Amino acid sequence: MQALIVLIVVIGLLAVLALALSVKVVKQYEKGVLFRFGRLVGTRSPGLRFIIPFVDTLHRVSLRVVTMPIQSQGIITRDNVSVDVSAVAYFRVVDAVKSVVAVENVNAAINQIAQTTLRKVVGRHTLDETLSETDRINLDIRQILDVTTVDWGVQVTLVELKDIQLPDTMKRAMARQAEAEREKRAKIINAEGESLAAAALGDASDTMMAHPLALQLRNLQSLVEIGVDQNTTVVFPAPLMSTIGELGSFLARETAAAAPAAAAPPAGTGRTHTSLSPAGSAPGTAA
């Protein structure tokens, strides 16, 4: 009787163990790939699934997007410049069976193929293209990876260059180039400004030639602007000095013309004098 009880307990424990081994849970973001005696049977959708213990093997494959950083590596560009480039790749499994059967470790495979593809694509471009055309390089890398990984049941959704490290000598050279470019643009802008200012001054001079009083008004306005800052220096523009000289000449001519008129007797007045007449005549008065 005691042996029977022990047998029943052992059978119950084996049943519980078998039940525990046969029950599998596939999560919502996973898909199960079932093998029976090492042969592919099919896939299992998310939920509670039962398998035959010691006969079936269930591989759960995640269908979520995986973010994989591509470590920095030294790459020589087409113009023989050594740069360190790092990137990041985003991919997801679209065929669970291929990701298990076609490749041993899909994450390691994607990492290695991404590194080699990054080196090959960047090496075909110059340094300027690598810095300015990152979108095209990202697209080229993704297209190459898609062709390679389609047999693995993996889809590469995005590849982005994350960091590009340049040598110190190249950084200094690019800084000098950028500074020279900015100086060139500054000189061009300055020259264009001088050209526009010269044209505006030409138009203003034509206006002042047509209207002489405009120049005098402008001179007076300049004097007013100088006096606003409580400046003790008085500036007389050349046209104003010539006007003062002309005014002085006019006053001198008027003074010279008025001097003879002041010396002449007034009109309607005379001078009386006495003269001696010949002998035998009486003295007279002449007017």
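## Close-up views of a predicted model

**View 1. An open sheet, β6-β7-β8.** Three strands line up in the order β6-β7-β8 as an open sheet with antiparallel pairing. Strands are DSSP runs of E with at least two residues, helices are runs of H or I with at least four, and both are numbered from the N terminus. Two strands pair if DSSP finds at least two bridges between them. At the edges stand β6 (66-76) and β8 (154-165), each pairing on one side only. Neighbouring strands here are turned by 25° against each other on average, direction ignored. Axes are lines fitted to C-alpha atoms, for helices over the stretch in contact; angles run from 0 to 180 degrees between N-to-C directions. This is a predicted model: local features need pLDDT of at least 70, side-chain atom pairs count only at pLDDT 80 or more, and totals for chains, interfaces and linings use all residues. Residues are numbered from 1 along each chain as its sequence is written, and side-chain values use heavy atoms, with hydrogens and water left out.

**View 2. Strand β7 beside β8, with helix α3 across the sheet.** Strand β7 (residues 82-93) runs antiparallel to β8, and 10 bridges join them. Within this pair, D84 faces Q165 of β8. Helix α3 (residues 106-123) lies across β6, β7 and β8. Its direction makes an angle of about 35° with β6.

**View 3. A second open sheet, β3-β2-β5.** This sheet also has three strands, ordered β3-β2-β5 and paired antiparallel. β3 (39-44) and β5 (56-62) are the edge strands; each has a single partner strand, so one side of each lacks a neighbour in the sheet. On average, neighbouring strands of this sheet are turned by 25° against each other, direction ignored.

View 4. Five bridges hold the antiparallel pairing of β2 (residues 30-36) with β3. V33 stands opposite T43 of β3, and F35 stands opposite L40 of β3. Two residues separate the strands of this hairpin. F37, in the turn, has a positive phi of about 55°.

View 5. S62 belongs to strand β5. S62 is partly exposed, at 29% relative accessibility; buried means under 20% relative accessible area, exposed over 50%, and partly exposed in between (1.4 Å probe, protein chains only). Leaving aside neighbours within four places in sequence, S62 is in contact (heavy atoms within 4.5 Å) with Y29, E30 and V93. V26 is 36 residues from S62 in sequence, and their C-alpha atoms are 9.8 Å apart.

**View 6. A charge over a ring.** R64 lies over the face of Y29, at 3.8 Å from the ring centre. The rule asks for NZ of Lys or CZ of Arg within 6 Å of the ring centre and within 35 degrees of the ring normal.

**View 7. The whole chain, for context.** The chain has eight helices and 10 strands. Of its 287 residues, 20% are buried. Among contacts with a separation of 6 or more, 60% join residues 24 or more positions apart. The chain exposes about 20100 Å², and carbon and sulfur atoms supply 61% of that area. Accessible areas come from the Shrake-Rupley method with a 1.4 Å probe; for residues, only the protein chains shown count as cover.
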